[in-house]
Every structure is written in C-alpha cells, then in structure tokens.
Amino acid sequence: MDNLIGNYQHTLDAKGRMFLPSKLRTEIGDSVYMTRGLDHCIFLFSEEQWKVFYEKIQSITTYNARDLQRFFFGNAAQSPIDAQGRIAVPQGLRDFAGLQKDVTVVGVSGKLELWDTDKWNAFNLKMESDESVEAALRAIDLNI
C-alpha cells in the first residue's frame, strides 16, 4: 500500500457513504481507518498503515504528544468496506473536511486523503504557481 497514487472523483450519498475505487479497495483490504488530516482533508489508512501511524504518534515524547493523540485518535473512526465498495464517513469528519457532496480521493503514497473537490482544485491551482515547488525539486537534484 506504499504506492497509492492518482485521484478519483466520487460523491457522498445522503447517509455519508461513498464508493472507493476498486483499484484502491484491492490495496486497502476489508476496512479503513480515518481521522482528521492536514489542510482540512481526511486521512484514510488500511489497517496495516493505521498501525504504523498509530505507533508513530504514540512514540512522540514532546510536550504536545497528548494534543496530537487527542487530535488524531479522538477524531478517528473505522469503517468496513461494504459489499458495494462503500465506506461511511462520520459526520464529524465530514464537517471537519467540508465534505458535502463532491469528494476527491487522493493517493498519497501510504495513505489516501479525502478532499472536498473544490478545496482540492484550489490546492492544485495554488501549487501550480508556487515557486517553492521548483526550488524543492532542485534541492533534491531533480531538474525537471
């Protein structure tokens, strides 16, 4: 599951359920773990990747470790993938990410992110004009 890439457009139904693309379901397994993410998206993990994430957050020893645990674990949920390939996104997470109808599922290496489609499009527009992206690529010797 370390090679999740691409983005997929889906919609939430009236009950807060959405389809996961079949290609991604094959990588993820029978259920997903989700929590608040950065930039007001939702992080979505397979059980295996959730365990890695959980252990890393648990191992933090800085002064704000409890705050991070509360933020990620206190807002987490587990959802089985039903027979139709859908997951249920809890209302609290939908509110946090501003998900109402149109959702973009984004593969980001070892996890998925659920974005409100308008926010995802705005993020991409911002990145297209951000000169620091080019500078970061040059810093790692990728002169594209």
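Predicted model: local features only at pLDDT ≥ 70, side-chain atom pairs only at ≥ 80, totals over all residues.
A residue is called buried here if under 20% of its relative accessible area remains.

Strand β3 belongs to an open sheet of six strands, arranged in the order β1-β7-β8-β4-β3-β5 with antiparallel pairing. Strands of a sheet pair through backbone hydrogen bonds, either parallel or antiparallel. The edges of this sheet are β1 (7-11) and β5 (77-80), each of which pairs on one side only. Between neighbouring strands the average turn is 30 degrees, direction ignored.

On one side, β3 pairs with β5 in the antiparallel sense over four bridges, and the bridge partner of Val-32 in β5 is Ser-79. Four bridges also join β3 to β4, again antiparallel; here Arg-36 stands opposite Ile-42. The two strands β3 and β4 form a hairpin with five residues between them, and Asp-39 in its turn has a positive phi of about 60 degrees. Elsewhere in the sheet, β7 (residues 102-108) and β8 (residues 111-116) are antiparallel partners over six bridges, with Val-108 bridged to Lys-111 of β8.

Helix α2 packs on the sheet, where α2 touches β3 (31-36) and β4 (42-45); the direction of α2 makes about 35 degrees with that of β3.

Helix α2 (residues 47-58) also packs with helix α3 (residues 65-73), at an angle of about 155 degrees and with the axes 9 Å apart. Angles over 145 degrees count as roughly antiparallel, and α2 and α3 are therefore roughly antiparallel to each other. On the α2 side the contact is made by Trp-50, Phe-53, Tyr-54, Ile-57 and Gln-58, and on the α3 side by Leu-68, Gln-69, Phe-72 and Phe-73. Seven of these residues are nonpolar, two are polar and none is charged.

The largest nonpolar core has 22 residues, of which Leu-20, Ile-87, Val-89 and Leu-114 touch the most other members. Two or more residues of this core come from each of α1 (22-28), β3, β4, α4 (91-97), β7 and β8. Helix α4 gives the most, with three residues. Leaving aside neighbours within four places in sequence, Leu-20 is in contact with Arg-25, Ile-28, Val-32, Leu-44, Ile-81, Gly-85, Ile-87, Val-105 and Leu-112. Apart from this core lies another, of 11 residues, among them Phe-43, Phe-53, Phe-72 and Trp-120.

Methods: Residues numbered from 1 in each chain as written. Heavy atoms only, no water. Axes fitted to C-alpha atoms, helices over the stretch in contact; angles between N-to-C directions. Parallel < 35°, antiparallel > 145°, perpendicular 65-115°, else oblique. Contact = heavy atoms within 4.5 Å. Nonpolar A, V, L, I, M, F, W, Y, C, P; charged D, E, K, R; others polar. Pairing = 2+ DSSP bridges. Core = buried A, V, L, I, M, F, W, Y, C linked by side-chain atoms within 4.5 Å. Buried < 20%, exposed > 50% of the residue type's maximum accessible area, 1.4 Å probe, protein only.
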